[in-house]
Amino acid sequence: MPVHKNVYRKNFLLIIIFLVLISVTFVIALFVSYNLTAKYVENEFASKKIEVLEQTIKPYNDFFQNKVPEITSYQGFLDSASAAKYAASVFHDYAFVKKVIFYDVLIGSKTNITIRQNNLNISVKAIYQYWYQNDRVLGARQVEPADDSDFKDMAVKLSNYIAFSDTSRVSSQDELFKTYWDVKPDKISYTNILRREDIRIYRDMQQRNATAAYKQNMMTFYLDPYLLKVKNSHPELYQNVSIQPVVYDPIDSEGDKMITEASFPGAFSDYKLFFSSGQGYLANEINRRFMPIGAVVLLISLFLVLIGWLIYRNLNVNIKLFKLQYDFINNFTHEFKTPVSVIKIAGSNLRGDGELTERQRKHYGKILDEEADKLNDLMNKLLSFTQLENKSITLKKEEIDINDFVSRYTDTFKIKYPDFKLQCKVKGVRTFYADPVLLGSVFQNLIENAYKYSHPQKKELNINITQEKRNITFSFVDRGIGIPKHELNNIFKKFYRIENQYNQNGSVGLGLAFCKELVNFMDGEITVHSKVNEGSEFVVTLPYEN
Amino acid sequence: MLGRLKYILFIVFIVSLWSCKEKVRRIPITDFFKTPEKSSYRISPDGKYVSYLKPYKDKQNLFIQSLADGKERMATSFDDYSIRSDYFWTYNNQLVFSQEIIDLDRYKMYTIDLATFKIHNILDQEKVKVSMLNRNRQRPDVITIKMNKRDPANFDIYRLNIKTGELVPYLINPGNITEWFPDADGKIRLVKSSDGVNETILYRPDDKTPFKPIIENNFKNSVKPVAFTGVKNNFYALSNVNRDKTALVEINAEDGKEQKTILGCNKADILYVEYSKNKHRVEFAAWEEAKPHKHFLIPDIESMYHSLQERPELKGNEIRVVDRDSAENRLILNTYTDRNPGSYYLYENNTGKLTKLGDINSSLRPGELCAMQPIAYKARDGLLINGYLTLPLGKRRTNLPVVIMPHGGPWSRDSWGYDEQVQFLANRGYAVFQVNYRGSNGYGKAFRSAGFKQVGGKIQDDITDGVNWLINQKIANPKKIAIFGGGFGGFSALYGVSFHPELYNCAVVQYGLINFFTFIKDAPPFFKPYLKMMYEMVGNPETDADQLRAISPVFHTDKIKVPLIIFQGAKDQRANISELNQFVRELRKRNVDVKYFLKPNERTYFRSEHTRMEMYSEIEKFLDYNMRVKP
């Protein structure tokens with residue numbers, strides 16, 4: 001059976017393992033979270049490009065979905081002047097429109113540029129061009145021969161729609177788009193959407209081979225993708241966003257960079273958004289995002305260590321307490337042992353064979369009586385101390401005449417220790433309220449201590465009692481051995497004894513602790529000033545109640 | 001015990017709450033907008049039969065009632081296509097009716113034999129439109145019809161023998177004749193030609209002489225021939241040539257000169273005259289001021305109308321003769337008030353017997369409907385504007401929620417009489433305000449031309465002034481004003497909420513006009529005079545482009561903030577659906593609360609009873625939410 005089994009253990013190995021484990025966990029957590037962050041940032045680099053694309057292409061979508069169809073609302077009545085106004089509003093709102101060509105179209109009549117199909121003439125009366133220069137919209141009529149390829153494509157589609165579309169129902173969005181729109185790289189052509197009534201009239205014209213001049217508008221918008229404003233809504237991810245032709249593929253200089261791309265829709269489909277970021281740029285972003293995560297991991301680890309330390313400290317305190325109690329029992333056993341052995345000797349002597357003289361009998365009786373008193377005293381102290389600690393006694397306050405009260409103790413001690421010089425001065429106060437038993441214990445202990453810890457020739461004690469404002473102060477000044485400075489904090493602790501020649505017997509280190517408990521219990525306080533070999537002053541302050 | 005007490009208290013509370021409210025029954029929507037049961041009453045020339053149309057398997061079929069024994073009989077049982085409402089009796093008691101086979105674009109005309117109820121098909125043509133022009137007492141088997149068989153764009157006049165089905169051309173249209181005025185013998189001596197705007201009246205003394213123009217007018221003037229007077233070659237006509245308000249005049253057909261003014265009214269245009277073909281006389285002329293007025297030219301007729309109006313069941317009713325027998329003894333009357341959609345009566349002149357044939361809508365009780373009161377106010381420039389105000393039943397006369405209903409057109413008008421939409425809204429507790437803004441018909445030439453080129457201008461100002469007048473009169477609750485209109489009225493509603501957003505709470509738009517370029521596009525470019533009229537009345541899309549753009553709601557989606565409800569039939573030929581869709585999409589993008597109902601199988605007016613009911617229940621919900629629930 002190992003010897004140390006029931007001893008309190010301090011296992012340093014366990015502590016070390018704990019610390020190592022925490023450190024390892026900390027490191028692993030940092031490593032994993034850094035890697036996850038890096039992965040996340042890389043994923044974002046690949047996915048957030050859609051947002052940038054959407055932001056960048058938004059004006060184009062607005063132009064495509066709202067501004068261009070506005071032409072339909074003019075029902076073909078645009079002329080060069082109103083078309084110029086319309087073009088101006090386009091240039092103003094959509095910087096990527098480079099040039100607008102306006103075709104003043106006639107349905108049902110013939111001019112120099114005429115598409116004749118399905119028995120119907122669709123012709124151009126005039127072509128105007130508008131462009132934007134120095135904040136001004138400039139316009140010019142195109143003189144023949146003008147570029148009419150856009151018009152021809154549209155006219156064929158329009159003619160087919162007039163001739164063959166199903167008028168018994170509303171045309172679907174798709175059919176309308178395929179007829180009235182022509183989206184080619186870098187340009188959009190649009191002609192105003194016809195009502196079913198118009199189709200009916202034109203069909204009628206077709207069948208009757210009639211001529212008339214119904215107005216129709218067509219516009220071709222020339223777009224420049226490089227004039228699109230790139231809106232990098234994620235500058236932390238993309239160091240560089242640029243518009244590049246769809247075939248752009250750098251392999252030489254940008255090798256070490258992260259790159260990704262997103263194609264433009266519709267008329268810009270020949271171009272793409274090209275995103276690139278240097279490795280260091282992304283690393284910065286990873287670090288920026290990792291910082292708070294790392295901090296949290298660190299904080300959690302520190303917290304774990306803190307908790308470990310707190311548990312360790314509590315255990316330590318418990319061990320100390322246990323040791324104190326152990327010492328106390330040791331001391332107490334010693335204290336008990338002395339009177340008990342004296343009683344034992346006296347008892348065995350009394351039982352002895354020889355007749356006892358009167359003097360011997362008295363002597364033994366006195367010894368037995370004194371030692372029993374000592375035991376009783378010890379027991380009382382222990383009992384009342386426990387009671388005080390548990391707050392299981394009650395204060396019994398009564399009016400105390402100070403002079404009477406003090407003289408009772410001084411007289412007793414003068415009788416007990418004839419060499420003890422006791423003096424008492426009372427100033428400005430005669431009576432007050434307190435529990436005489438508890439206060440008496442304080443007096444007894446302090447006077448006893450003063451006698452005990454004094455050199456044989458210097459056994460003196462001055463007691464000064466004064467009233468200060470709402471307090472009453474009891475000052476015990478002796479000329480004893482004094483207390484070293486570093487012990488001052490300990491003397492009121494339970495079971496604490498200063499090791500010296502004066503307390504070899506009859507002391508358990510409870511006296512001052514007991515006093516302090518009593519004074520605190522009476523809502524007062526006790527302080528001490530002391531100098532080694534010169535003496536000590538114990539001051540008890542109690543609230544003054546009259 | 002306590003539970004029972006609570007229960008009783010609750011009942012008392014509910015009852016007291018109920019009695020506090022004025023009891024106005026909410027008439028179901030179906031009662032307002034259902035298809036009439038019996039319609040198109042006619043009487044046979046001998047006065048022995050009454051015929052009418054009534055739905056059978058959802059299609060209109062012909063029914064005949066014998067007046068001798070009161071027996072009713074279903075004469076036809078078509079379940080594919082309805083019988084057109086323009087059926088008629090011939091002078092020898094034959095019924096002629098027709099059917100349009102819409103899917104095949106075919107027109108069929110039938111006769112029915114009263115004795116055997118046998119049906120004969122006398123005409124079956126593809127891709128034509130036919131209508132009866134005249135029936136002749138001397139030759140009852142031959143009717144005069146117009147038909148566009150030769151040229152889809154032009155009608156020619158034919159004589160059709162209903163016994164044999166023989167079709168003989170009578171007058172070939174040179175290309176511009178639009179109206180024919182047969183005389184008492186069925187001969188056509190007076191015609192009107194039109195280029196769409198300018199009208200010319202032509203005359204020929206007999207069938208052998210060519211027509212020669214006698215009167216030429218532009219679109220600001222009009223002459224409507226009524227009938228030959230029988231004296232020389234004079235004819236009656238309604239004319240506003242050289243006068244502001246249309247009057248009944250007599251014109252010499254030889255030279256087109258006005259002989260005399262028979263009747264003029266200094267307050268309003270004479271809108272129509274009642275002419276008896278049997279007795280060749282004008283019975284009365286009618287016009288509309290605040291309410292319809294008649295001026296009788298024949299004392300007998302006047303006393304007949306007066307005695308009819310004395311009868312308790314017809315007190316306060318407007319009475320019109322719908323049809324009469326040859327002897328002018330038995331008459332079919334149509335009567336109505338502002339609170340009564342109308343009834344048909346048979347009246348026997350010799351006995352004074354009045355028999356009710358049927359109600360147009362028997363589910364409605366006049367006591368539950370609301371009176372339409374004429375009102376007038378001064379516009380900001382001092383012009384007097386007339387309108388009608390229909391207040392809901394109940395004691396409250398002030399601070400009412402109001403629905404403004406500008407009429408369409410804009411060259412038409414609102415008249416006093418029963419209006420199902422108005423009554424529906426009034427029954428739901430709204431005051432309804434109708435306004436004949438400048439440009440409306442019936443108030444003379446000056447008033448009409450005051451509206452030229454004023455769409456979105458003074459026309460709208462008149463509506464706005466009307467709303468302010470209602471507010472100043474304390475009739476309207478200024479926070480609860482809705483605007484509701486169809487066609488041009490829909491434009492007025494959208495324009496109102498765009499440019500006077502503080503005035504209107506919400507808007508209801510039916511087949512709304514959202515773009516004036518579209519409106520003008522309805523004028524074909526080869527109709528030069530029509531274009532000219534359009535440009536003069538509305539605006540020139542090229543020179544006035546800025547103005548038209550400024551007033552067309554489609555360009556101003558940013559200005560609309562109030563909730564809208566829009567109804568549109570997808571088969572409306574004149575609407576640009578993709579434009580309207582774009583308009584709604586744009587509004588929704590701007591967070592405007594738009595309810596949009598695009599009905600795929602409907603045209604301008606919703607024909608299906610189901611969609612009509614749905615529309616009105618949506619309107620009811622929409623108005624209720626925006627005018628009452630919402631703070």
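Which residue is the bridge partner of D151(B) in β11(B)? The points below come back to this residue after an overview of the two chains, and everything in them refers to a predicted model.

1. Chain B as a whole. Chain B contains 12 helices and 35 strands. Its C-alpha atoms fill a box of roughly 90 × 70 × 50 Å when the box is taken along the principal axes. A compact globule of 631 residues would have a radius of gyration near 25 Å, and the 27 Å found for chain B agrees with that expectation.

2. Chain A as a whole. Chain A has 12 helices and 17 strands. Its radius of gyration is 55 Å, well over the 24 Å that the globule rule gives for 546 residues, so chain A is more spread out than a compact globule. The box filled by its C-alpha atoms, again taken along the principal axes, is roughly 170 × 65 × 50 Å.

3. Where the chains touch. In the contact between the two chains, 20 residues of chain A meet 23 residues of chain B. On the side of chain A that touches chain B, α3 (70-73) and α7 (196-208) of chain A each supply at least two residues, and α7(A) gives the most, with 4 residues. The residues on this side of chain A divide into 10 nonpolar, 5 polar and 5 charged.

4. The sheet that holds D151(B). In general, strands of a sheet pair through backbone hydrogen bonds, either parallel or antiparallel. In chain B, 4 strands form an open sheet in the order β9-β10-β11-β12, and the pairing is antiparallel. Because β9 (130-135) and β12 (167-171) of chain B stand at the edges, each with a single partner strand, one side of each is left without a neighbour in the sheet. From one strand to the next, the twist averages 40°.

5. The answer to the opening question. Within this sheet, strand β10 (residues 142-151) of chain B is joined by 7 bridges to strand β11 (residues 154-161) of chain B, and these two strands run antiparallel. The residue asked about is N154(B), which is the bridge partner of D151(B) in β11(B).

6. Another open sheet in chain B. Here 4 strands are arranged in the order β5-β6-β7-β8 in chain B, also with antiparallel pairing. The edge strands are β5 (88-89) and β8 (119-126) of chain B, each of which pairs on one side only. Strand β7 (residues 106-112) of chain B runs antiparallel to β8(B) and is joined to it by 7 bridges, and Y110(B) stands opposite N121(B) in β8(B).

7. Strand β2 (residues 49-56) of chain B and strand β3 (residues 59-66) of chain B run antiparallel and are joined by 8 bridges, with Q60(B) in β3(B) as the bridge partner of P55(B). The hairpin they make has 2 residues between the strands, and K57(B) takes a positive phi near 50° there. The hairpin of β3(B) and β4(B) has 5 residues between its strands, and G70(B) in the turn has a positive phi of about 75°.

8. A helix pair in chain A. Helix α11 (residues 436-452) of chain A packs with helix α12 (residues 511-521) of chain A at an angle of about 150°, with their axes 10 Å apart. That angle makes α11(A) roughly antiparallel to α12(A), since angles over 145 degrees count as roughly antiparallel. The crossing of these two helices is left-handed. Among the residues that meet are L438(A), V442(A) and L446(A) in α11(A), and F514(A), L518(A) and V519(A) in α12(A). The residues of this contact divide into 7 nonpolar, 4 polar and no charged.

9. A further partner of α11(A). Helix α10 (residues 402-416) of chain A packs with α11(A) at an angle of about 40°, and their axes are 11 Å apart. This crossing is right-handed. F405(A), Y409(A) and F413(A) in α10(A) meet P436(A), F443(A), Q444(A) and I447(A) in α11(A), and the residues of the contact divide into 6 nonpolar, 1 polar and no charged.

Terms used:
Residues are numbered from 1 along each chain as its sequence is written. Chains are lettered from A and ligands numbered from 1 in the order in which they are written. This is a predicted model: local features need pLDDT of at least 70, side-chain atom pairs count only at pLDDT 80 or more; totals for chains, interfaces and linings use all residues. Two strands pair if DSSP finds at least two bridges between them. Axes are lines fitted to C-alpha atoms, for helices over the stretch in contact, and angles run from 0 to 180 degrees between N-to-C directions. Angles under 35 degrees count as roughly parallel, over 145 as roughly antiparallel, 65 to 115 as roughly perpendicular and the rest as oblique. A crossing is left-handed if the near helix is turned anticlockwise from the far one by less than a right angle, and right-handed if clockwise. Two residues are in contact if their C-beta atoms, placed from the backbone, lie within 7 Å. Ala, Val, Leu, Ile, Met, Phe, Trp, Tyr, Cys and Pro count as nonpolar, Asp, Glu, Lys and Arg as charged, and the others, Gly among them, as polar. The radius of gyration is taken over C-alpha atoms; the globule rule is 2.2 Å times the number of residues to the power 0.38.
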